[in-house]
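Welcome! Take a look at it first, and then read on.

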Amino acid sequence: MKNYGIYKFIFEFIMTTILVNFFPFPLLLEIKLIALYFIIQTLMGRYNESREQPVVIWNELKPLMIGDISYLLCMLLLTWTGLEIGNFKWDQIVLLFCFWLIHFVLNLLMTHFLYTVLSKRFQHNAMVIGGGEPVLKLEEICKNNDSSLIHVVGYVLDQDELSPEETKIQAASLTCPVYAMDELEEAIRSSRVDTVIIAMPEIQQKKLKQIKNRVIGLVDTIKYVPHIEGLITVDTHVDDFDGMLLISTPKKTVSILERVVKRTIDLCGSFVGLLTLLPLTIYVKLLNRKENDNGPVFYTQERIGKDGKTFTIYKYRSMIENADQKLKQLMEEDESIRKEYQTQKKLSNDPRITKAGHFLRETSLDEFPQFINVFKGEMSLIGPRPYLPREKEDMGEYYKEIIQSKPGLTGMWQTHGRSSVSFEKRLELDEYYAYNQSVWLDIILLARTFKNVLARRGAK
């Protein structure tokens, strides 16, 4: 049992023991409930020494939630055993469910608290070796996961990957100390590094072995960013094929149960969203009038839906009226605007956005009318970006994969950069979702969306 596992076990044991005594359960049932919980969580590997510590909070919460749901089912089966339907003790079932629900909520809160507080204690000091986009991506991931158990303490930029000018520019953009390749060993010793991350997907085998030989006696763990990063899915696994390693990357299949759960979440979420539309619409109307904007509150537009079928999307209008015609005029008058829009499919400083529109976009309130589309089944809470029909040709090879899912009110690109990512990167993120869509991924993206909205981060 790793140290982190010991902390989890001790705190969960104390919490479970105290909580179970608040309910009028027989002593024998209390013992069974405590024992059953820790048997299930142990089988889930949450206290297992052989299991590597999760590096982000989501990897910690997933086995906990699966284990707690299994715990509920086992508790119900335990109560059912030996009872006839006519003598079923519904009062005991209600008590058990209340105990489980309170235990589940407290467990989530305590796990998040422990992970956040103890992450500093159990973090792995990491040195990243590489250059270019992979290094910048790792930097961004570290910023978005401040409680990650991977703590980057420095970067070693490889001059073979970057020109001197590129090295200088990238070094200035990184938040940790930057070293040259010939300073690698000394940087590892001085920074007390125990993990090395080689972020050079195109690296040759010979050079990889050279780096490995230089650090293998200085660190505990060596991690690699693979060349096939874009093909990796959540179901990817490594097979030992009689001494040869084979990486299997099957496409994620969505079961009927997952579809039902996803649609149920969509209906519940859209119902809550629709309840806010009336007062919010009145507020937006008043906000527009304050800015002497007497145009319509809502804006409709054709978008590409599931299986390529078009549908009408609803948004609060955040641009001037006849915005499409104005864009055409701007592109004809200004070559830089035309190139920017053709490349990014948006303008960084769009002159068509109204003053009220800036506020709506910063707070993501302009997206709220899309709850109508979610309720109608044209969209989902989570999914790829709803693309414009004119963008179909630009989507290229990504198109066929992306349209396999319903467009989402939020999704991968909104939670992993939004306005700061290029059109090509948005397509890559949406394709990743299409390959990896699951209820658990939706929960993660919803949580990250709430976090970004509250922080007003990356508004469109």
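Buried means under 20% relative accessible area, exposed over 50%, and partly exposed in between (1.4 Å probe, protein chains only). This is a predicted model, in which local features need pLDDT of at least 70, side-chain atom pairs count only at pLDDT 80 or more, and totals for chains, interfaces and linings use all residues. Residues are numbered from 1 along each chain as its sequence is written, and side-chain values use heavy atoms, with hydrogens and water left out.

**Aromatic rings**

- Rings of Phe, Tyr and Trp (its six-membered ring) pair if their centres lie within 6.5 Å; planes under 30 degrees apart count as stacked, over 60 as edge-to-face and the rest as tilted.
- By this rule there are 15 aromatic pairs.
- One of them is the stacked pair of F9 and F13, at 6.3 Å centre to centre with 10° between the planes.
- F9 is partly exposed at 30% relative accessibility, and F13 is partly exposed at 39%.
- F23 and F25 are also stacked, 5.6 Å centre to centre; F23 is buried at 12% and F25 is buried at 8%.
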